[in-house]
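Today I opened my notebook to look up how the parts of a protein model touch. Here is what I wrote down.

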Number of protein chains: 2
Amino acid sequence: MANQPTENVFSDKLIECVSYTQNVINELNQATRDELLSVRQKYNNLCKHQYDLRAEIIAGIPNFWPTVLINHRVIQKIVTKDDKRVLAFLQAVEVREFENPMSGYEINFYFHKNEWFTNHCITREYHFREKGRSVVCVTIIEWNKGMCLFDNGKDVSEDGFSNRSGFFSWLQFERKAVGDTIGNYIKEELWPNPLKYYLNTEPK
Amino acid sequence: MANQPTENVFSDKLIECVSYTQNVINELNQATRDELLSVRQKYNNLCKHQYDLRAEIIAGIPNFWPTVLINHRVIQKIVTKDDKRVLAFLQAVEVREFENPMSGYEINFYFHKNEWFTNHCITREYHFREKGRSVVCVTIIEWNKGMCLFDNGKDVSEDGFSNRSGFFSWLQFERKAVGDTIGNYIKEELWPNPLKYYLNTEPK
């Protein structure tokens with residue numbers, strides 16, 4: 001026990017040295033984050049004009065987005081017969097990263113006037129927060145009387161989740177921000193190149 | 001039906017236009033990926049020297065890495081009494097992104113000579129492949145006779161997964177590349193700033 005104070009002083013000195021190195025590492029990590037962010041923001045701005053142009057052209061192609069969704073190998077599995085009838089009115093899909101892309105993104109689904117609901121746009125917002133605390137905010141679907149795909153809420157459990165599967169069930173009820181595979185497929189596969197799915201040329 | 005050919009020609013022209021815009025978008029997306037990659041590679045190289053320096057200093061602090069692991073709010077929950085006795089020999093932890101950081105990373109656990117196993121280094125490699133097809137490769141632990149923490153394999157099921165929990169069980173058997181929360185905490189929280197956990201100053 002006699003040398004305990006010396007050992008402690010030695011350890012304290014080493015911890016001070018780690019702390020000094022750590023400050024340099026923290027600064028480099030912050031610089032990495034800043035530079036990655038500015039690259040993503042630069043390209044988001046550059047892409048925006050092209051995405052808007054693409055959307056204008058796509059608007060002239062009948063049934064473009066419903067076809068894209070139904071041709072996706074995973075999304076097609078959750079589209080029910082009822083979903084298909086409503087999805088026929090899907091006019092456009094749009095993915096927008098937030099100003100700080102690390103903080104999240106939104107997916108907008110635009111619909112032509114239809115007999116099922118009154119919304120023109122249904123949005124799913126994915127907010128990524130620190131330590132994996134993430135949330136999804138969803139536009140409430142304003143169903144016309146008797147037209148709700150969820151049997152007027154009868155098959156929605158007390159915690160607000162739907163007991164049925166289906167595209168509109170996902171659109172309205174699924175609230176995982178991380179691990180929302182459908183949202184992820186739309187953002188990472190459909191949005192960057194929907195034409196591949198429209199023409200069904202994706203390699204299986 | 002009379003105007004079908006005209007409609008088709010019109011649609012074909014629009015698809016050609018989408019295809020043209022898509023090529024521009026693809027090029028911009030590729031340029032984004034290239035630029036993000038080069039930022040990450042630049043900073044990985046800049047950080048490497050600092051991380052090596054930090055490791056050299058940490059090597060002089062007794063029990064640094066075991067303390068870090070045991071102070072982490074989630075990792076501490078999987079560390080058993082047996083694990084603790086073996087983790088006392090943990091000399092260093094090291095996270096290295098691959099040359100292309102998008103393709104994965106490895107975590108190296110270096111151990112002092114001990115009576116449990118003969119490995120000096122146990123590595124978990126996370127390989128991220130296209131379309132979510134990812135794999136984890138793990139160094140087989142060379143247990144000394146009668147020292148295996150998994151009852152010499154008796155509590156390992158036929159598919160090679162362990163039925164017990166624990167840090168060494170995770171280290172040897174967990175094979176999810178995506179959703180491996182322990183690996184993710186080590187890479188994203190402990191590695192960037194282990195001192196915070198050593199000093200137990202992480203805000204709860």
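How much area is buried between domain 1 of chain A and domain 2 of chain A? I found about 1,100 Å², with carbon and sulfur atoms giving 53% of it. Buried area is the accessible area (1.4 Å probe) that two parts lose on being put together, summed over both.

A note on my source: this is a predicted model, where local features need pLDDT of at least 70 and side-chain atom pairs count only at pLDDT 80 or more, while totals for chains, interfaces and linings use all residues. Residues are numbered from 1 along each chain as its sequence is written, chains are lettered from A and ligands numbered from 1 in the order in which they are written, and side-chain values use heavy atoms, leaving out hydrogens and water.

**Entry 1: inside chain A.** I looked up the domains, and chain A splits into domain 1 (1-60) and domain 2 (62-199), with bounds from an automatic or database domain assignment. Two salt bridges cross their interface; the rule wants a side-chain nitrogen of Lys or Arg within 4 Å of a carboxyl oxygen of Asp or Glu. I noted Arg96(A) with Asp52(A), whose closest N and O atoms are 3.5 Å apart.

**Entry 2: chain B against chain A.** Next I checked the two chains: 44 residues of chain B are in contact (heavy atoms within 4.5 Å) with 44 residues of chain A. Together they bury about 3,700 Å², 70% of it on carbon and sulfur atoms. I counted two salt bridges here, and Glu35(B) meets Lys42(A) in a salt bridge at 2.8 Å, N to O.
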